[in-house]
Amino acid sequence: MGEIFEVRSFDAAGRIGELTVPRAGLTVETPALLPVVNPHIGTIDPADLASEFGVEMLITNSYILNRSDDLRDRVLSEGVHTLLDFPGVIMTDSGSFQLAEYGDIEVTTEEILQFQRDIGSDIGTPVDIPTPPDVSRAQANEELQTTQERLKTAERVGQKMDSEMLITAPVQGSTQLDLREQAARHAYQTKLDVYPVGGVVPLLNAYRYSDMVDVVAAAKRGLGVDAPVHLFGAGHPMMLALAVALGCDVFDSAAYAIYARDDRYLTVRGTEHLDDLAYFPCSCSICTNHTPDEIRRCDDETREELLARHNLHVTFAELRRVKQAIRRGNLLELVDARARGHPKLLDGYRTLFDHSEQLERSDPVSKDAVFHVSSECVRRPEVMRHHSRLERLSVDGDVLLSEGGVNEAFDETWRVVPPFGPFPRSLSETYPLTVEVPERMSRKSYEMAADGIRALVETNPDTSFTLAHREWPKSALTRLPNAVTVTELS
């Protein structure tokens with residue numbers, strides 16, 4: 001796997017990576033978004049996707065091409081790159097979406113992979129079973145077994161073709177989290193190349209971001225760090241930061257075009273209907289050169305194209321913003337900001353921290369700073385890491401834990417900063433204890449600091465501790481061990 005995917009930077013589980021695609025002779029920086037191109041519907045020309053939006057990868061449907069009387073012979077003769085007039089990486093889906101929608105398709109994994117190879121696809125996909133959410137365990141398990149059998153077929157076909165085409169190994173399992181982890185582990189052990197987490201579109205369409213987070217986290221537990229992870233059907237700008245923070249590297253979406261067809265306008269805070277807009281809250285070329293009223297007066301085809309172009313601009317701008325956040329080490333602050341745009345996205349953000357231990361494994365041990373901007377931040381990986389370190393620190397004598405200054409009546413004075421809790425004053429300028437906090441802290445922040453004190457006290461049972469605090473809430477003080485003397489600073 002290390003031969004095609006290399007991670008350059010981490011923040012939480014998000015990463016900047018490089019995906020090498022041998023057949024295309026290109027290396028693409030991830031996170032990467034693949035616009036979905038329907039070969040029969042030309043909302044935006046693929047050549048424009050490359051020249052105007054900087055798109056390096058797109059995805060189209062090989063099953064549609066295979067079943068098309070108009071396009072099948074042509075794509076076999078010309079190749080998919082010439083057919084679409086696109087110079088970058090082309091990934092092809094297999095027809096699994098049609099299988100999920102209509103219950104059956106007339107092609108096998110072996111046939112569709114050979115077809116994808118013959119038309120020049122750079123990344124091919126087998127026919128997996130995209131099991132929907134909430135099905136019975138028996139159905140999820142049975143369909144997962146079918147998918148895994150097809151992955152074995154894909155391995156065999158890939159070796160037989162002797163082609164540079166990468167082949168995906170979709171991870172299924174519905175909302176059965178142990179099956180997702182098992183499926184990911186099985187996929188990772190194959191000789192396949194890219195690992196899409198499938199069957200999540202119904203969750204995304206229903207705004208079930210909390211369930212999406214659990215599903216992706218389970219899949220990530222079964223995959224190695226060198227596995228490029230594709231989140232199938234995810235491309236709304238408001239959830240990109242959350243999905244990247246989970247460790248997803250590749251996204252595909254037809255939302256830019258589908259939403260435009262319904263006069264819907266994408267933003268990082270959600271979706272607006274064109275009829276409801278008096279002003280465009282965006283500075284892309286579409287929004288600066290047109291007013292909402294002007295676009296409303298356009299004919300259907302022009303209006304759809306203009307909205308689709310805006311939708312792509314705002315999506316790729318958010319992707320660049322996410323990448324910059326990873327570079328700066330403040331991805332979780334961006335996720336926090338985006339989570340305020342929708343209650344269901346906030347549910348997903350809170351669920352993300354149910355997996356803090358998993359995020360902590362890849363989160364850098366040093367960054368510029370931490371901004372404590374909400375009560376959810378108390379569960380960030382940096383806080384969890386600090387608390388685990390407190391369980392290993394040794395201190396003797398009479399120790400003052402203080403929000404104020406040094407008191408020479410004690411053997412040592414440690415600082416206390418919610419939500420991290422206590423630490424030696426000598427570490428005050430050390431990340432993450434340089435945390436920037438508001439003057440009005442949340443109750444949860446004080447409670448987490450109290451938990452940090454408890455961890456230190458339990459590790460040092462023979463040491464005397466005194467906490468000097470400023471107006472800590474009772475809910476935090478009651479979490480302290482009885483052995484801690486408490487005094488309030490005036």
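Helices (H or I, at least four residues) and strands (E, at least two) are DSSP runs, numbered from the N terminus. The model is predicted, so local features need pLDDT of at least 70 and side-chain atom pairs count only at pLDDT 80 or more, while totals for chains, interfaces and linings use all residues. Residues are numbered from 1 along each chain as its sequence is written, and side-chain values use heavy atoms, with hydrogens and water left out.

**Backbone features**

Serine 174 occupies the loop between β8 (166-167) and α8 (177-188), and its phi is positive, near 55°, in a residue other than glycine. Aspartate 134, in the loop between β7 (123-124) and α7 (137-161), likewise has a positive phi, near 70°. Buried means under 20% relative accessible area, exposed over 50%, and partly exposed in between (1.4 Å probe, protein chains only). Serine 174 counts as buried because its relative accessibility is 1%, whereas aspartate 134 is exposed because its relative accessible area is 52%.

| Peptide bond | Omega |
|---|---|
| proline 418 to proline 419 | near 5° |
| tyrosine 431 to proline 432 | near 5° |

Proline 419 lies in the loop between β15 (412-417) and β16 (421-424), and proline 432 in the loop between β16 and α20.

**Histidine 313**

Helix α15 (residues 300-328) contains histidine 313. Histidine 313 counts as buried because its relative accessibility is 17%. Beyond residues up to four places away in sequence, histidine 313 touches Glu52, Phe53, Cys284, Ser285 and Ile286, where contact means heavy atoms within 4.5 Å.

**Aspartate 462**

Aspartate 462 sits in the loop between α20 (443-459) and β17 (464-469). Aspartate 462 is exposed because its relative accessible area is 79%.
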